[in-house]
Amino acid sequence: MKRTIEIRWHGRGGQGAWTASELLAKAAVYEGKYIQSFPEFGPERMGAPVTAFTRISFEPIKLHCAIYNPDVVVVLDQTLMKTVPVAEGLSEDGKIVVNSKDSPLEIKQRLGVIDKVEVWTVPATEIAVKILRAPITSTAMLGAMARATGIVSLESIKRTVEERFRRDIAEKNFAVIEESYREARST
Amino acid sequence: MKSVVEQKVLALNGDEAVAYAVKQCDVDVVAAYPITPQTIIVERFSEYVANGEVETAFICTESEHSALTACLAASLTGARTFTASASAGLALMHEMLFVTSGCRAPVVMAIANRALSAPINIHGDQSDTMAQRDSGWIQIYAENVQEVYDSVIQAFRIAEHPDVLLPAMVCLDGFQLSHSMENVKVLPEEVVKRFVGVRQFPKVLTHEGRFAPLRLDPENPMTLGPLAFPNYYFEFKRQQEEAMKKALEVIRQVHEEYAEISGRRYGDGLLDAYQLEDAEIATVCLGSTAGTVKAVVDELRAEGVKAGLLRIRTFRPLPVEGIRRALENVRAIAVMDRSMSFGGHGGAVFHEVRHALYDSEKRPFVVNYIYGLGGRDTSPMQIRAIYKDLEGILQKGRVETPIRYVGLRE
Amino acid sequence: MTVQEKGWREIPIAAVCWKSSTEFLTGDWKTFKPVRDLEKCTRCLLCVIYCPDGAIRWKADLGDIEFDYNYCKGCGVCANECPAKAIEMKLE
């Protein structure tokens with residue numbers, strides 16, 4: 001793993017982009033790493049575009065600025081691709097994980113990213129609705145991202161989910177994470 | 001020499017770190033009003049109260065003005081008090097800030113620095129606390145979330161110290177620190193409780209001719225906050241200034257004592273000099289952006305550039321001597337201000353740094369960079385450009401534009 | 001007689017008053033003085049409550065109220081509020 005990895009999350013208020021960023025950060029802390037996780041809000045309202053950032057490093061993080069060249073981009077809501085430049089600044093050999101039923105190749109073409117970029121898709125909304133009965137895609141995207149990048153282990157993610165949620169909800173989320181981990185596909 | 005205590009690592013954002021520190025400090029009264037980006041402090045603390053994790057009396061007041069008044073009044077009865085605010089909320093407390101310091105009440109307040117309206121902006125800049133630098137409060141600016149946690153604990157000791165007895169505000173950049181989750185090593189609760197101790201009171205002569213602890217107590221009636229005519233007001237203000245002067249040494253001592261327990265230091269507690277010993281060009285910066293500057297300084301040093309940074313941690317009282325000594329041998333200095341003083345030819349920090357250097361024999365070039373207003377991000381590239389400008393000034397041997405704006409669209 | 005005023009090093013911290021306000025007799029401030037008609041007075045004690053200076057007090061040993069003219073500033077609120085019109089403000 002690089003010394004510092006930067007991840008950018010795109011979602012809408014209420015979908016859990018900020019939560020996903022925090023869960024990832026906490027998982028990394030369990031693995032002894034240094035982290036930073038912060039949101040960027042526009043209007044503070046459900047449905048408005050929300051961006052969240054995570055930095056994970058082997059060294060203490062001094063930077064306190066936005067992430068301009070993320071290594072990984074995660075998109076929790078496909079419709080954002082129309083209005084938000086989700087792939088902006090993505091590093092040349094970066095990865096992008098999108099919540100979509102479409103194939104990674106189709107998404108890659110729509111995004112217009114260069115060939116080196118690895119595109120992953122996972123039908124996170126379908127998985128979340130099936131298991132959680134709500135379109136909260138945060139944990140599904142977390143599972144898919146873990147599969148795509150291997151930044152943190154599934155065990156660490158499960159540990160933070162267990163800490164964060166009530167027993168029964170945590171268990172449902174384990175199922176969501178495991179399924180999205182399995183179902184995520186790349187180009 | 002105490003040994004460093006074992007500490008567990010938590011992932012907390014700035015606001016959560018404040019609430020966690022307050023939880024450990026045995027605070028008697030918290031009176032607060034919510035305002036972005038401080039809301040999480042009060043929400044989290046109210047959870048501790050509801051769960052019975054603290055025995056604090058939690059008062060939801062109708063405004064920030066009332067919140068500070070409630071804290072002041074409680075403090076005068078002997079309670080250890082805390083509140084938090086930002087931006088317009090702090091501005092609304094303006095009158096009471098002066099009353100609190102005039103009454104010598106050691107209230108501790110966390111400010112999640114946010115821009116002032118108008119236009120409305122919820123994001124981070126330091127105009128709110130800079131505008132209160134004359135209010136008689138101690139001001140400490142944190143660079144990262146770990147420092148936020150450490151500084152809140154230290155603030156109670158500093159404020160309550162018998163040589164000081166002044167209220168203190170711990171400042172954390174809005175969103176950049178308040179909402180940023182970072183690794184935080186926390187001390188065990190017993191260690192914190194031992195460190196902050198129980199509040200002590202100086203003895204004062206009351207009108208009944210007895211010496212009694214300075215606090216409102218029916219057993220020892222006394223009058224606090226009276227009227228003072230022109231023949232006495234001035235002397236009371238001079239007393240306050242003396243407390244500020246003594247605070248310089250107290251802040252250093254408390255910081256040192258805390259460093260022995262925690263293993264962490266921030267310069268000498270007043271100033272954090274980074275790679276400044278042989279620096280030819282340097283910036284002066286307060287708050288979290290100083291961290292970004294440190295990362296850039298590391299890169300520049302690796303390229304052979306003699307760059308440095310002076311981070312001012314304690315802004316009030318201003319460590320004038322320390323600033324002069326730290327910057328005297330630097331040849332070109334960029335002072336970064338995250339606030340504006342309209343019509344004042346530069347920001348507050350710019351003025352004060354120039355003031356600190358005025359009497360020194362060497363005269364470095366000093367320029368001002370206004371940055372980050374309304375939450376505008378400052379990138380490492382922009383910081384590099386500042387150092388490039390400083391090199392340009394040294395080459396030309398003069399300053400063409402003393403006041404500049406980082407990332408401003410013309 | 002000028003009182004030697006204290007320097008900033010000698011004054012108590014936080015402006016705690018070192019003299020009681022009761023040491024300052026303000027009775028000389030008045031022009032008009034409240035005089036009570038003992039027959040009209042019903043001992044309702046409203047004047048005791050209203051007096052801004054606390055210069056009218058109930059004296060249990062007397063079983064009656066007492067006006068302390070050392071502190072009364074002659075504001076006339078007692079006369080204004082007395083429901084029995086028992087107090088008259090007389091020129092001193």
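Two residues are said to be in contact if their C-beta atoms, placed from the backbone, lie within 7 Å. The structure is a predicted model, in which local features need pLDDT of at least 70, side-chain atom pairs count only at pLDDT 80 or more, and totals for chains, interfaces and linings use all residues. Residues are numbered from 1 along each chain as its sequence is written, while chains are lettered from A and ligands numbered from 1 in the order in which they are written.

**View 1. Surroundings of Val152(B) in the largest nonpolar core.** A nonpolar core is a set of buried Ala, Val, Leu, Ile, Met, Phe, Trp, Tyr and Cys residues joined through C-beta atoms within 7 Å. A residue is buried if 20 or more other C-beta atoms lie within 10 Å of its own, exposed if 12 or fewer, and partly exposed in between, with the C-beta atoms placed from the backbone. The largest core has 188 residues, of which Val152(B), Ala168(B) and Val170(B) touch the most other members. Domain 1 (8-201 + 237-262) and domain 2 (271-405) of chain B both contribute residues, so this core lies between them. When neighbours within four places in sequence are set aside, the contacts of Val152(B) are Val18(B), Ala21(B), Val22(B), Val108(B), Ala110(B) and Val170(B). A second, separate core of 9 residues includes Cys47(C), Cys51(C), Cys72(C) and Ala86(C).

**View 2. The two domains of chain B.** The domain bounds come from an automatic or database domain assignment. The C-alpha centres of domain 1 and domain 2 of chain B lie 27 Å apart. Their contact takes 26 residues from domain 1 and 21 residues from domain 2. Helices (H or I, at least four residues) and strands (E, at least two) are DSSP runs, numbered from the N terminus. On the side of domain 1 that touches domain 2, the elements giving two or more residues are α6 (127-130), β6 (138-141), β7 (168-173) and α9 (233-262) of chain B. The largest share of that side, 5 residues, comes from α9(B).

View 3. Strands pair if DSSP finds at least two bridges between them. Strand β2 (residues 29-32) of chain B pairs with β3(B) in the parallel sense over 4 bridges, and the bridge partner of Ala31(B) in β3(B) is Ile59(B).

**View 4. The contact between chains A and B.** Of the 2 pairs of chains that touch, chains A and B have the most contacts. The contact takes 16 residues from chain A and 19 residues from chain B. On the side of chain A, α1 (17-30) and β2 (34-40) are the elements that give two or more residues, and β2(A) supplies the largest share, 6 residues. By class, this side has 10 nonpolar, 3 polar and 3 charged residues; Ala, Val, Leu, Ile, Met, Phe, Trp, Tyr, Cys and Pro count as nonpolar, Asp, Glu, Lys and Arg as charged, and the others, Gly among them, as polar. β2(A) runs antiparallel to strand β8 (residues 181-186) of chain B, to which 2 bridges join it. Ser37(A) stands opposite Met181(B) in β8(B).

**View 5. The contact between chains C and B.** Here 13 residues of chain C are in contact with 19 residues of chain B. The side of chain C that touches chain B has 9 nonpolar, 2 polar and 2 charged residues. Chain A and chain C do not touch, and their nearest C-alpha atoms are 41 Å apart.

**View 6. Backbone features in chains B and C.** Most residues other than glycine have a negative phi, and most peptide bonds are trans. A cis peptide bond joins Ser117(B) and Ala118(B), with omega about -10°; Ala118(B) is found in the loop between β5 (108-113) and α6 of chain B. His345(B), which is not a glycine, has a positive phi of about 55°, and counts as exposed with 10 C-beta neighbours inside 10 Å. Ala14(C) has a positive phi near 60° and counts as buried, with 21 C-beta neighbours inside 10 Å.
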